[in-house]
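Walk through this model with the structure open beside the text.

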Amino acid sequence: MGLSATFCAFCFLFGLADAGFSTPPHRLADREFLSKQTKVLDLLLHMGQSDLGDNLTVPFSLEENAHRFQEPALAQLLAAMHSRGFLVGRGQTFSIHHQGDIELARVTVELLLSAQDFDTFYSAATWAKQRLSEALFSYALTVAVLRRNDTSDVVLPAPYELWPRYFVGPDVLRRAYDARLRGAAADGERPQTVLASSNQRHSGCPEDLLSYFREDVGLNGNWAMKHFRCPFWLSGAVSASSCDRRGELFYFALRQLAARYDLERLSAGLEPVQPLQYPTVYQETYHSDERVPSELRCAPEGEAFLPDTPHVWALKIFEERICDAIDVGYAVDKNYTEHPLRRPEAIEILGNIVEGNADSLNENFYGSLYRGLLTSFSQSEDAFPAKQVATFMENPATALRDPLFYRAVKKLLGVFNRFQDRLGPYKREELEFPGVRVETVLVKPLSTHLEQFEFELDNALPALNSSRPRLLARQRRLTARPFQYQLAVASQHDADVDALLRVYLGPRRRPAQLDHDRHRFVLFDAFRASLSPGVTTLRRTYKDLRFYGRPPLAVSALRRQARAALSSGWRLYVDDLARPLGGVERLALPRGRRAPAGLPLSLLVVISSAPNTTSVATTNSSRNTTITAVSFPPRDGRPVGFPLDRPIDHDGDFDLPNVRFADITIVHRG
């Protein structure tokens with residue numbers, strides 16, 4: 001178990017912008033690109049069978065070819081580690097949260113990045129595939145492919161088809177394996193669905209009501225890819241383009257996830273998730289080879305305690321140090337230099353500290369609350385434990401399936417809330433936009449349903465014969481039906497003014513409860529608009545939400561199209577293959593309730609000034625109004641959670657012309 005975190009965040013829930021490929025639109029796929037594409041796929045597919053299509057004609061020696069790397073010492077180091085048995089070999093466990101595995105992953109990634117050309121990169125990757133743990137190799141190769149200039153446009157398969165064993169249970173794979181050995185009624189290329197997963201449990205645990213959400217392979221796949229773009233061990237100073245605002249976006253990702261999960265719980269009639277608690281008396285320790293008892297997972301309204309281990313008590317000390325820094329207003333780095341924590345932009349510093357990434361001011365002093373919480377249930381009572389097998393929470397591909405993960409997220413958010421509470425409420429002049437009023441918010445009927453989705457399991461099965469049909473898993477997943485909404489905005493200004501609109505989705509507004517409920521609002525949409533004098537009408541549909549993308553190609557289709565274009569020379573465009581993990585408009589809305597009542601929620605529209613807009617514009621409204629794309633979350637000098645990130649003294653603070661709440665209802669139709 002042990003893919004690490006990851007590349008393209010689930011943009012709607014987690015809010016990372018530009019989560020796709022950097023491929024120019026409609027670029028013809030030349031032979032060089034197609035060759036790289038097929039070779040990378042051959043390396044990633046069927047990693048347990050190293051003799052499938054990626055062997056070199058002449059064995060590759062790292063030591064003899066060290067001169068082909070920008071850093072020859074890395075090749076010599078990895079070769080020496082292999083000869084002395086220090087590598088995590090094939091079939092062995094790997095966890096990116098284990099210190100020894102982190103260092104080995106770092107060396108492997110740096111070696112692959114150091115290759116002077118693609119041929120050397122491919123040869124070194126093949127060498128690594130034949131010797132390293134499958135999980136370690138796939139992690140290192142994915143990070144390297146995304147970071148090398150000569151492979152940055154290579155299309156990677158969806159994680160749930162690349163690593164199916166992380167997304168379905170062992171019983172599913174066992175039945176698929178049996179079907180593969182039996183031939184599974186092979187009849188040409190027609191895929192065979194050999195199993196069905198209904199995402200339903202009947203254990204009596206309230207959390208079972210949300211299994212459709214937690215086990216959604218698209219949701220888990222996007223979370224699993226989140227840090228491949230910027231691994232926690234990589235410094236932003238090394239690659240500012242992919243690690244920009246990492247601390248701030250780390251916070252925003254957690255905030256969006258927690259709020260979205262609480263809305264899903266609201267639809268099921270459950271209370272919001274409560275944070276994990278430190279033990280006050282001795283609690284039973286849950287080892288990695290045991291499942292956490294169901295009574296701990298199935299007590300959504302009660303307290304859930306972390307195990308009583310040295311690891312957890314050290315974690316508590318680290319949290320106290322961070323909270324002390326927030327209270328005194330500054331944190332210290334390794335040189336004892338003070339960094340202020342009394343300004344909104346310090347969320348970047350705090351986010352890096354809480355994650356414990358390579359840009360943390362002082363990881364030795366502040367630790368890593370995030371990774372510490374994820375590993376807390378796999379640690380033993382020993383002060384210096386041996387390497388543990390990773391639990392569900394430690395593997396990003398499976399973390400969201402574990403109810404305890406959301407409790408861990410809530411605990412982390414408690415630290416960020418402490419920071420924001422110290423900043424105090426926004427002043428009225430920070431919230432208002434003089435001369436601009438939201439006149440009306442019209443929302444078409446909203447509804448959700450569960451649909452059947454099928455994805456390929458072949459990469460987890462023996463590649464016996466290329467003519468065998470695909471084997472598919474079927475899963476019910478939540479889907480929002482196409483929707484649209486319309487805003488009428490009045491401007492009293494004499495000329496066009498640039499505005500930035502934030503649209504939040506959250507619980508139905510209750511008197512004097514906005515401060516209590518603000519953490520349960522999800523940033524639903526964000527865009528810039530040029531407001532003309534008078535009334536401007538802005539229309540938005542789910543297709544306008546920039547952070548959505550097309551569903552990725554099935555891995556078999558991706559491979560087949562690349563190979564066919566390479567062999568036959570038929571015209572293929574890179575963006576025909578490059579579909580960033582998308583289809584996420586399915587989860588734009590939480591699951592509704594049955595008609596006629598439905599699920600009552602509120603849409604919150606906040607309009608702020610946005611001068612000097614330089615974004616590329618696309619016309620999308622009446623009266624020639626221009627709507628322009630923005631990064632997500634938007635960059636306008638305001639905090640990412642604005643204006644719901646800071647405490648609200650009185651609900652009346654939001655009774656402003658440029659702020660408007662609209663009651664909406666979501667109906668679930670089966």
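Asp576 has 29% relative accessibility, so Asp576 counts as partly exposed (buried is under 20% relative accessible area, exposed over 50%, partly exposed in between, with a 1.4 Å probe and protein chains only). This is a predicted model, in which local features need pLDDT of at least 70 and side-chain atom pairs count only at pLDDT 80 or more, while totals for chains, interfaces and linings use all residues. Residues are numbered from 1 along each chain as its sequence is written, and side-chain values use heavy atoms, leaving out hydrogens and water.

Asp576 belongs to helix H22 (residues 574-577). Helices (H or I, at least four residues) and strands (E, at least two) are DSSP runs, numbered from the N terminus. Asp576 and Arg27 are 549 residues apart along the chain, yet their C-alpha atoms are separated by 9.2 Å.

Now turn to the interior. A nonpolar core is a set of buried Ala, Val, Leu, Ile, Met, Phe, Trp, Tyr and Cys residues joined through side-chain atoms within 4.5 Å. The largest one holds 86 residues, and Leu62 and Leu78 touch the most other members. Helix H6 (residues 134-147) supplies the largest share of this core, 10 residues. A second, separate core has 76 residues, among them Phe252, Ala325, Ala399 and Val659. In soluble globular proteins, nonpolar side chains tend to be buried together.

What surrounds Leu62? Setting aside residues up to four places away in sequence, Leu62 touches Phe69, Ala75, Leu78, Ala79, Leu111, Ala124 and Trp127. Contact here means heavy atoms within 4.5 Å.

Aromatic rings come next. Rings of Phe, Tyr and Trp (its six-membered ring) pair if their centres lie within 6.5 Å; planes under 30 degrees apart count as stacked, over 60 as edge-to-face and the rest as tilted. By this rule there are 20 aromatic pairs. Tyr160 and Phe455 make an edge-to-face pair, 5.7 Å centre to centre with 75 degrees between the planes. Tyr160 is in helix H7 (residues 159-162) and Phe455 in strand S7 (residues 446-456), so the pair links distant parts of the chain, 295 residues apart. Tyr160 and Phe455 are buried.

Tyr485 and Phe524 give another geometry. Their ring centres are 6.3 Å apart and their planes meet at 50 degrees, so the pair is tilted. Tyr485 sits in strand S9 (residues 484-491) and Phe524 in strand S11 (residues 522-531), 39 residues apart. Both are buried. Elsewhere, ring pairs join Phe213, Trp223, Tyr261, Phe405 and Tyr406 into a cluster.

Charges also meet rings. A charge sits over a ring if NZ of Lys or CZ of Arg is within 6 Å of the ring centre and within 35 degrees of the ring normal. The charged end of Lys39 sits over the ring of Tyr122, 5.1 Å from its centre. Arg540 lies over the face of Phe527, at 4.1 Å from the ring centre.

Helix H21 (residues 555-568) deserves a look. Its 14 residues should span 20 Å at 1.5 Å a residue, and its end C-alpha atoms are 20 Å apart, which agrees. The expected span is 1.5 Å times one less than the number of residues. Val555, Ser556, Ala557, Leu558, Ala562 and Ala565 of H21 are buried. Their cover includes helix H2 (31-44), H7, S7 and H22. Just after H21, Gly569 takes a positive phi of about 80 degrees.

Strand S13 (residues 599-609) has nine of its 11 residues buried, so S13 is largely enclosed by the rest of the structure. Two strands pair if DSSP finds at least two bridges between them. S13 pairs antiparallel with strand S10 (residues 497-507) over nine bridges, and Ser608 in S13 is the bridge partner of Leu500. S13 also pairs antiparallel with strand S16 (residues 659-668), over eight bridges. There Leu599 stands opposite Ile666 in S16.

Ser267 touches Tyr212, Arg591, Arg593 and Leu599, not counting residues up to four places away in sequence. Ser267 lies in helix H12 (residues 246-267). Is Ser267 buried or exposed? Its relative accessibility is 10%, so Ser267 counts as buried.

The last stop is Gly435, in the loop between helix H19 (428-431) and strand S6 (436-443). Gly435 counts as partly exposed because its relative accessibility is 27%. Gly435 and Ala490 are 55 residues apart in sequence and 8.1 Å apart in space, C-alpha to C-alpha.
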